[in-house]
Amino acid sequence: MQGSATTTVGKARLQIRRNIGGLACYLGIWAFLAIFLIYPLIRLFYDAFTTYEDTFTFMNFYDFFTDSFYLKSLVNSLLLGVGTVITTSLIGIPFAFLLLRYDFPGRNLFSYLSIVPMIMPPLVGVMGFVFIMGRAGTVNVILMDYFGFTKPVNFMYGIHGVLIVETLHLFPLMTLSIVDAMGKISPSLDEAAESVGSRGLRKFWDITFPLTTPGYVSGALLVFIWTFADFATPLVVGIDDLLASQAYLNIVQFVDRRLFKMGIVISAIMILLAILFLIVAKRYVAMKDYSSLSYSMIERKSLSRSGKVGVVVFLSSVLILAFIPYLGIVLDSFGKGWALTPIPVKYTLQYFQRVSIETPKFILNSLLYSGITVMICIVIGVPIAWVMARTKLPGRDLLDSLTTLILALPGTGIGIAYLRAFREPLPFFETALIGMWVVVPLVLGVRRLPYTVRGTFASLQIVHRSFEEAAESVGAGKPATFRDVTLPLIWKGVLVGSLYSFILALQEASATLLLVVPGHEMMPVGIFNFYMGGSVNEAAALGLILIVLGATCLFAINKITGARAGGVFG
Amino acid sequence: MRKVRILTVLISALIFCCWGSVQAQPIENELYLITPVSKDVHDPVLKAFDEYARKKWNIQVKTSAIPKGTPVAYGQILEWKGNPQADIFWGGEGTLFDDLAAQGLLEKIQLPQKTWDEIPASIGKPVPLPLKDPKGFWVGTMLEPYGIIYQPKLLKRLGVEIKDWDDLLNPKLKGQIAQCTPDRSSSSHATIEVILQTHGWDKGWAWLTRLAANTGIFTARSRDVPSVVAKGEFAVGFGVPSYMAFAEVLGGYDVMYVYPTNAYLTPEPMAVLKGAPHPRAAHAFIEFLVSEEGQKLVSQLGVYPITAKYKVQGPPGSNQEKAVAFTGGMRSFFDIPVGNVYDVKLAGEKKRIEEVNAYFRKEITEKHKDIVKEK
C-alpha cells in the first residue's frame with residue numbers, strides 16, 4: 001500500500017518537474033523570439049519615430065510622404081508587386097493545373113524542373129538574363145550581326161526587365177502553392193459538379209478556383225513580398241525608384257544622416273506594409289477556410305495527341321525562358337573576355353579556381369552558417385510546431401502569427417532592424433553583436449524558421465493523436481513519446497522543412513548583405529561583392545556553384561517527398 | 001544532451017573565432033582594409049603584402065578588405081566611433097581624411113623620413129593637388145586619373161570619336177553612356193566637380209544635363225561602369241578611374257581610356273584608423289606600398305607611381321606596356337603638364353558635397369526620363 005502511494009507521489013513530482021522543464025523550454029523559445037525578432041522590430045520603429053536626439057517625432061514620415069520621389073517609389077513598388085502577382089499567376093496557375101490534373105510525357109521531369117527556377121540566388125538571375133538578353137547579350141548580338149538590326153532591342157533595362165526577371169524567378173512559388181491547395185480538393189466534389197452538368201471553365205470557376213483560393217492567396221502574398229523586398233535586381237538594370245532600392249541605397253550611405261534616417265523610415269514602412277498585407281490576406285483566407293478537406297488521390301486525365309503536344313510546348317517554352325539565366329551564368333562563368341559575340345570565344349576555369357580553391361571561404365562559410373541556421377531552425381522550430389499542433393498553451397496563436405509574419409518580412413528591413421538593435425557592445429564582450437559572425441546564422445535562423453515550423457506542423461497534423469495517446473497510456477512521458485513515436489513518424493517533414501530552410505539560408509542575401517562581418521562572407525555576399533567590384537565572371541562562377549548546391553538539395557527533397565512539397569510555403 | 005553538445009560546439013567555435021593572436025610579434029597576423037579602391041587593385045596588393053611579410057618576418061598575414069564606396073566607408077568609420085573593425089582606410093578624397101583626422105579617428109603615419117620626403121607635396125596647375133597630409137595623418141599611395149572609357153568596336157559602329165569631355169555630348173551617343181550618381185561614387189562626384197569648376201555652376205549643370213540626355217544607365221556603383229562598357233552593354237563610361245577600366249583589359253576585354261583636359265587626379269590616400277585592431281601590420285603595409293616593390297606592383301595595374309623616381313615601364317608585352325598603350329603612351333605624371341581645376345577647398349566642404357549630390361538627385365536622376373525625352 002505504502003509503496004504504491006510513494007510511487008504515485010513520485011510520479012506526480014516527476015510530472016511537475018517535467019512540466020517545469022517543458023515550460024522553461026517554452027519560455028526559452030519565447031525569449032529567443034523576443035530578442036531576435038520582436039526587439040529589433042521595435043527598435044526599428046523606435047528609430048523611425050524619433051530624431052537623432054531621441055525625441056518623438058512624426059517628421060520622418062512627413063518627409064517621406066511629402067517627397068514626390070519617395071511616393072513615386074512607393075507606387076512603383078506596389079505596381080511592380082501587383083504586376084508580378086498577375087504574371088506569375090498567368091504562368092503558375094496553368095502550370096499547377098496541368099501538372100496535377102493531366103497526364104503527358106515527361107510529367108515528372110516537368111514537375112521537378114518547375115521548382116528549379118526558384119533556387120536562383122538573388123542577383124544571379126538578373127545577371128544571367130543580361131548576359132543573354134542585354135543590349136550586348138547573345139540575342140541582340142545575333143539580331144545585329146545577322147539580321148541587320150542597327151540598334152539593340154531593350155529587353156532588360158527598365159521596369160519591364162525587373163518584371164521579366166521576377167516573373168520567371170517566382171512563378172514556381174505560385175505553382176507550389178496552387179499544387180498544394182488543389183491537391184487537397186476531393187475528387188468527389190468534382191464528380192458532384194459534373195453530375196449536375198458543370199463542366200470545363202464553369203466547373204473551374206465554381207468549384208476548383210474558390211477551393212484553391214487560400215493557397216493562391218498565400219502564394220500571391222509571397223510573390224508580392226519577394227518582389228517588393230528585392231533591391232538587387234532593379235539596381236542591375238538601372239532602376240532605383242523602388243522602395244527596396246531606396247531603403248538599401250539610403251542605408252548603405254552613412255554620410256548624409258538625413259538619408260540614413262530615411263533608409264530606416266523606408267524599411268519601417270516596408271515592414272508595416274508587409275504586416276498590413278499579411279493581415280488582409282489572413283482575413284481573406286480565414287473566411288474561406290475549408291478545414292474538412294483532406295489529401296486524396298487525384299485521377300489524372302489523359303490528353304489527346306494534340307493536347308499533349310500543346311501542353312509540352314507550353315511548359316517547355318516557359319521553362320526555356322526561365323532557364324535563360326542559367327545559360328547566361330554557365331557561359332559567363334567559363335567564358336573569358338566575353339563581349340559582343342553570341343557566345344564566349346575563349347574559355348577558362350580560372351574563375352572557378354579563384355572562387356573555390358584560392359578563396360574557399362565563401363563556400364565554407366556558406367555551408368557552416370547554413371548548417372548552424374538549420375540547427376537553430378530545428379531547436380526552435382520543431383518545438384514551436386509541436387506546441388502549435390499538440391498543446392493549448394497560451395500564446396500559441398501568437399506563435400503562429402509570428403512565424404507567418406517572418407515569412408512576410410522583407411529581408412532588407414530585418415537587416416536594418418538588426419543593424420540598429422545590436423550595435424552596442426554586448427555585456428562581457430568588447431564587440432557588438434553586429435561585429436560578430438554569429439549574427440549571420442542568427443538572422444538566417446529567424447528568417448528561415450517558418451519553413452521548418454511549417455514542415456513539422458504539417459507532418460504532425462498527419463500523425464494521429466491516438467498513437468501518442470497510446471504511448472502515454474502505457475506510461476511513456478511526453479519527451480519519450482515524442483522521441484519514440486512522433487519523431488519517427490514526422491522526421492521526413494522535419495527534414496524537408498529543414499532542407500528548405502537550408503537552401504533558402506544558402507541563398508539569402510538581403511539581410512545578410514547589411515550584416516556580414518568582414519572576413520566572414522558567404523556565397524551570396526561574395527557574389528554581390530564580386531559583381532559590385534567588377535569581377536562579373538567570378539560572381540557568375542560562384543553563382544553557378546550555389547545553383548548546383550541548391551539543385552542538389554531540391555533533388556533530395558524531391559526524392560524524400562515524392563514530388564509533392566508545397567505545404568511549407570503556404 | 002544533443003542540444004548541450006551543439007551548444008558547446010557553438011560556443012567553442014565562437015571563442016575560437018573571436019580570439020585573435022596577441023603574441024608580441026613584429027606585426028600582427030591579420031590586416032583589414034576598408035576601401036573604395038576596387039578588388040582589382042586591393043586584392044593583388046594584399047596578396048603581395050602577405051608574401052612580403054612571409055619573406056621578411058616569416059609571418060603569414062590573413063588579409064581581407066571591406067569594399068565600400070568612399071562616402072559609405074567614411075560613414076562606416078564614423079559609425080565605428082573609434083572601435084573600428086578595419087585597420088586601414090584607403091582611397092577617396094584627401095578632405096575626408098582631413099575630416100577623420102580632425103575628429104581624432106586617425107593615427108599618424110609612421111614612414112621613414114626619406115620615404116616621406118620623396119613624395120612631392122602636391123601636383124597640378126592652376127590648383128595644386130596635395131599628395132600627402134602636412135600634419136602626417138595620411139599619405140598618397142599612387143596617382144590615378146578619372147577619365148572617359150569606351151568600347152572601340154561599338155564606338156566605331158556608331159561613327160564617333162572621343163578625345164575630350166565635349167565629345168560625350170554628340171547626339172549619336174544617345175543612350176550609350178554609362179555613369180554612376182555622385183552620391184554612390186566618389187569618382188563620379190569628383191568628375192562632376194571638375195565639370196562644374198570648369199564651366200561654373202549654372203553652365204556646368206547645363207552641360208551635365210546634356211550628358212544625362214545621352215546617358216543610358218546610372219549604375220549601382222562606380223565599378224559597374226567599366227564592367228558594362230567592357231561587356232558592350234554601353235559604349236562609353238563617364239568619370240572612370242583608369243585602373244578600373246584597365247582591370248577589364250587584364251581580364252581579356254577590349255576597352256580604351258581617354259585622359260581628358262583637367263581630369264580629376266587622386267593620390268588614393270591611405271591612413272591607419274585610431275584603435276585599429278592590428279596597428280603594426282597596418283603601418284608595415286603602408287611602408288610596403290610606397291616602397292619600390294609596392295610601386296612597381298601598382299604600375300602593372302593601370303595606375304601611376306606617386307613619386308617621379310618610378311615610371312610605368314616594363315619589357316614588351318608586360319602589363320606595364322599594356323597600360324601605357326591603354327592610356328595613349330603615358331608613363332609618369334611627373335613627365336607631363338598636369339592640369340587641375342579641382343579645388344579641394346571648394347569641393348571638399350561637407351555642405352558643398354551634399355549640395356552637389358542633392359542637386360544631381362533632384363535635377364538629373366529623378367528627372368532623367370524627362371531629360372531623355374526632351375532632347
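## Basis of the model

Residues are numbered from 1 along each chain as its sequence is written, and chains are lettered from A and ligands numbered from 1 in the order in which they are written. In this predicted model local features need pLDDT of at least 70, side-chain atom pairs count only at pLDDT 80 or more, and totals for chains, interfaces and linings use all residues, while side-chain values use heavy atoms, with hydrogens and water left out.

## The largest cavity

Rolling a probe the size of a water molecule over the atoms shows where empty space is left. A cavity is a set of points, on a 1 Å grid over the protein atoms alone, where a 1.4 Å probe fits but cannot get out; its lining residues have an atom within 4 Å of a point. Grid points are joined across faces, edges and corners, and a volume is the space filled by probe spheres set on the points.

The largest cavity has a volume of about 590 Å³. Its lining consists of 40 residues, and those nearest the centre are Pro122(A), His169(A), Trp226(A), Asp230(A) and Ser510(A). With five residues, helix α7 (residues 159–183) of chain A gives the most to this lining. Helices (H or I, at least four residues) and strands (E, at least two) are DSSP runs, numbered from the N terminus. By residue type, the lining of the largest cavity has 29 nonpolar, six polar and five charged members. Here Ala, Val, Leu, Ile, Met, Phe, Trp, Tyr, Cys and Pro count as nonpolar, Asp, Glu, Lys and Arg as charged, and the others, Gly among them, as polar.

## The second largest cavity

The second largest cavity holds about 180 Å³ of space. It is lined by 24 residues, of which Pro36(B), Val37(B), Ser222(B), Tyr243(B) and Met244(B) are the closest to its centre. In chain B, α2 (39–57), β9 (144–150), α7 (186–199) and α10 (242–250) each supply at least two residues of the lining. Seven nonpolar, 11 polar and six charged residues make up this lining.

This cavity lies between domain 1 (30–143 + 267–323) and domain 2 (144–265 + 343–374) of chain B, because both give residues to its lining. The domain bounds come from an automatic or database domain assignment.

## Strand β1 of chain B

Strand β1 (residues 30–35) of chain B is largely enclosed by the rest of the structure, because six of its six residues are buried. Buried means under 20% relative accessible area, exposed over 50%, and partly exposed in between (1.4 Å probe, protein chains only). In a regular strand the side chains alternate between the two faces of the sheet. In β1(B), Glu30(B), Tyr32(B) and Ile34(B) point one way, and Leu31(B), Leu33(B) and Thr35(B) point the other way.

Two strands pair if DSSP finds at least two bridges between them. Six bridges join β1(B) to strand β2 (residues 62–67) of chain B, and the two run parallel. Within this pairing, Glu30(B) stands opposite Lys62(B), and Thr35(B) has Pro67(B) as its bridge partner. The chain passes from β1(B) through α2(B) to β2(B) in a right-handed β-α-β crossover. Right-handed here means that, with the strands pointing away from the viewer, the path from the first strand over the helix to the second runs clockwise. Strand β1(B) also runs parallel to strand β3 (residues 88–90) of chain B, to which two bridges join it. Leu33(B) has Ile88(B) as its bridge partner in β3(B).

## A buried helix and individual residues

Helix α5 (residues 124–133) of chain A has 10 of its 10 residues buried, so it is largely enclosed by the rest of the structure. Among these buried residues are Val124(A), Phe129(A) and Met133(A).

Thr150(A), in the loop between α6 (138–146) and α7 of chain A, counts as exposed at 72% relative accessibility. Leu340(A), by contrast, is buried, with a relative accessible area of 6%. Leu340(A) has a positive phi of about 60 degrees although it is not a glycine, and its place is in the loop between β3 (335–336) and β4 (346–347) of chain A. In chain B, the peptide bond from Lys125(B) to Pro126(B) is cis, with omega near 0 degrees.

Terms used. 1 Å grid on protein atoms, 1.4 Å probe; cavity = no way out; pocket = protein on both sides within 12 Å on 5 of 7 lines; lining within 4 Å.
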